[in-house]
Amino acid sequence: MRILVVGPTGRTGSHVIDALRGRDPDADIRGLCRYPQEPARAIETVPGNLDTGSAKARAIETVPGNLDTGTSRKRAIETVPGNLDTGSARARAIETVPGNLDTGSGKKKRAVELVVDPLEGSIAMSRAIETVPGNLDTGTRRAHSITCLTGDLENPADRARAVEGIDVVIHYAPAFHPREAAMGTGMIDAAVAAGVSRFIYVSALHAQVTSVPGHAAKLAVEAYLAESGLQWTVLRPQTYMQNIDVAAVLEAGALDLPFALTTRQGYLDMADLADVVAKVASEDGHALATYDLASDEALSTAEIAALVTTVSGRSVTAGELPVAQLVAGLEAAGPAFAYVADAVTRLNAWQARSGGRGNPGALRWLLGREPASFEDYVRRSLTE
Ligand SMILES: NC(=O)c1ccc[n+]([C@@H]2O[C@H](COP(=O)([O-])OP(=O)(O)OC[C@H]3O[C@@H](n4cnc5c(N)ncnc54)[C@H](OP(=O)(O)O)[C@@H]3O)[C@@H](O)[C@H]2O)c1
C-alpha cells in the first residue's frame, strides 16, 4: 500500500507520519510540499508576552523584508508582502515563531527531518525525508525515509504527479489559506483520475459553522468528496493542544490566549488525531464516514496556566490576549492577508462563543482508549 501524506513537514503531516510508522515501520509513504528542506510553521496562538522589554508584544507583525537577514525573529507571526506563490523557499506567506527560536531553550524538535536522497541527481525535484519519532536532540534516531515530491497543491500537474501510483491519499489544507477549497477539490480530482482507492480528509470540528471562512472551505471540500465516488473518510478534529507551546509558555512565564480568562476551550492532542488517521488509512470499515474528533476535557486559560505551573513546578500567569493583537498588521499586507485576518478573527470569535467543544464518543471508539488529557500533553512536552 502506497500512502501520500500531503504536507509531510507540517504539524499534522509529521504527526501522521509518526503514527503510520508506529503501525508499520516499513509503510511506503510519499509526501508533497513546496519546501521539504524546511519544517513548516502554522499560525498559532502566542502564549505569553514574547517581547523582552516592558511593552506587550504584538501577536502578529508585518515584516517587509528578508526573513533570512532580519533579526525580528522574536515575533509571533512574520508576514512577507509580495507574490508568495512564485518565489523561492523564503517566500513563505506566514511564519510563526512560537517563542524565541533564536535564543530560547533550544527545543527545536521536529518530527520530520530531511536527509539527502542519493537518487536526487537522477530523480528531479525529489528528496528523501527521514522521520524521527521523538526528540531529534537525543540522537536516538530511527531511519525511516519517505520520498517527498517538491510541488505545489495549487498546481494541477504537481497534484497529478503526487497521486501517481498511490493507494491512499491523506489530505489536509495549509492553515488559513484563501484557496484551500480549490486545493482540496483539486486533490480529489487528481485522486479520482489516478484510481486512488482511499481518500482521507482532515477537516475541522463543526465545519458546518460556515461563518468561519476556513470551515466553509472545508465543508465545500467535504461535499465534493461525498460525490467523488472515492472511498473517503472525513476527520473533523478539535483545536489542537499543540497550539499551546509548553516550552514557550514556560520561557515567557505567561500564557495569554485570546479568550476571557474563565472561558473553557476543548483541545485535542495531535498525536491522537494522527493515531486515528493511521487507523482509518490502514483498516477497512471507515469508508463514507465522517468522524468528529474531540476530547471531553475543556479548560480555561487560567486552568491551563495552573496546570503547567503544577506539572512543571514553575510559575505561569494567565492573561487575555486582545483579539486586535491577534491580527494586527495583517490587512496591510495584501488581499491574502486580509482573508487570513478575517479567517483568524472569525475562528476566534466562534471558539470564544462555543468553546470549540465536541462529542468525544467517536474519538474514544476509534482510539480504543481514553483520549490524551491536557496534563498528558504537558508532561510529554516537558520530557521532549
Ligand atoms: N490548529 C488547530 O487547532 C486546527 C484544528 C483543526 C483543524 N486544523 C486544520 O489543520 C490545517 C493546518 O494543519 P497544520 O497546522 O498541521 O499545518 P502546517 O503545520 O502549516 O503544515 C502545512 C503543510 O502543508 C504544506 N503546504 C503549505 N502550502 C502548500 C502548497 N501550496 N502546496 C503544497 N504543500 C503546501 C507545508 O509545507 P510547505 O510550506 O513546504 O509547502 C506543510 O507541510 C488547517 O487546514 C486547519 O484548519 C487546525
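## Burial and overall composition

Buried residues make up 47% of the 384 residues in the chain, a residue being buried if 20 or more other C-beta atoms lie within 10 Å of its own, exposed if 12 or fewer, and partly exposed in between, with C-beta atoms placed from the backbone. The model is predicted: local features need pLDDT of at least 70 and side-chain atom pairs count only at pLDDT 80 or more, while totals for chains, interfaces and linings use all residues. Residues are numbered from 1 along each chain as its sequence is written.

The secondary structure comes to 11 helices and 16 strands; these are DSSP runs numbered from the N terminus, with helices (H or I) of at least four residues and strands (E) of at least two. Of the contacts in the chain with a separation of 6 or more, 74% are accounted for by residues 24 or more positions apart. Two residues are in contact if their C-beta atoms, placed from the backbone, lie within 7 Å.

## The nonpolar core

The largest nonpolar core has 96 residues, of which Leu4, Val169, Ile170, Phe199, Ile200, Val277 and Val308 touch the most other members. Helix α6 (residues 270–282) provides the largest share of this core, nine residues. Such a core is a set of buried Ala, Val, Leu, Ile, Met, Phe, Trp, Tyr and Cys residues joined through C-beta atoms within 7 Å. In soluble globular proteins, nonpolar side chains tend to be buried together.

Ile170 illustrates the contacts in question. Apart from its neighbours within four places in sequence, Ile170 is in contact with Ile3, Leu4, Val5, Val6, Val16, Ile200, Val277 and Ala281.

Strand β1 is largely enclosed by the rest of the structure, because four of its five residues are buried. Strand β2 (residues 28–33) is mostly covered as well, with five of its six residues buried. The two strands, β1 and β2, run parallel and are joined by five bridges; strands pair if DSSP finds at least two bridges between them. Between β1 and β2 the chain passes through helix α1 (residues 11–23), and this β-α-β crossover is right-handed, in the sense that the path from the first strand over the helix to the second runs clockwise with the strands pointing away from the viewer.

Within this pairing, Arg2 stands opposite Asp28 in β2, and Val5 stands opposite Gly31 in β2. Strand β1 also pairs with β9 in the parallel sense, over three bridges. The bridge partner of Ile3 in β9 is Val168.

## Helix α3

Helix α3 (residues 180–194) has 15 residues and reaches 21 Å from its first C-alpha to its last, close to the 21 Å expected at 1.5 Å a residue. The expected span is 1.5 Å times one less than the number of residues. Its buried residues are Glu180, Ala181, Met183, Gly184, Gly186, Met187, Ile188, Ala190 and Ala191. What covers them includes β1 (2–6), α2 (156–163), β9 (168–172), β10 (198–202) and α4 (213–226). Just after α3, Gly195 takes a positive phi of about 75 degrees.

## Helix α9

Helix α9 (residues 335–354) has 20 residues and reaches 28 Å from its first C-alpha to its last, close to the 28 Å expected at 1.5 Å a residue. In α9, Ala336, Phe337, Val340, Ala341, Ala343, Val344, Leu347 and Gln351 are buried. They lie on the same side of α9, because they cover an arc of only 165 degrees around the axis, taken from the directions from the helix axis to the C-beta atoms. An α-helix has 3.6 residues a turn, so residues three or four places apart point the same way.

On the other side of α9, Pro335 and Arg353 are exposed. The helix is followed by Gly355, whose phi is positive, near 75 degrees.

## Loop residues

Phe176 is found in the loop between β9 and α3 and has a positive phi of about 55 degrees although it is not a glycine. Phe176 counts as buried because it has 23 C-beta neighbours inside 10 Å. His206, in the loop between β10 and α4, likewise has a positive phi, near 55 degrees, in a residue other than glycine. With 19 C-beta neighbours inside 10 Å, His206 counts as partly exposed.

Glu297 is found in the loop between β14 (289–293) and β15 (298–299), and counts as buried with 20 C-beta neighbours inside 10 Å. Leaving aside neighbours within four places in sequence, Glu297 is in contact with Gly266, Tyr267, Ser373 and Phe374. Glu297 and Pro371 are 74 residues apart in sequence and 9.3 Å apart in space, C-alpha to C-alpha.
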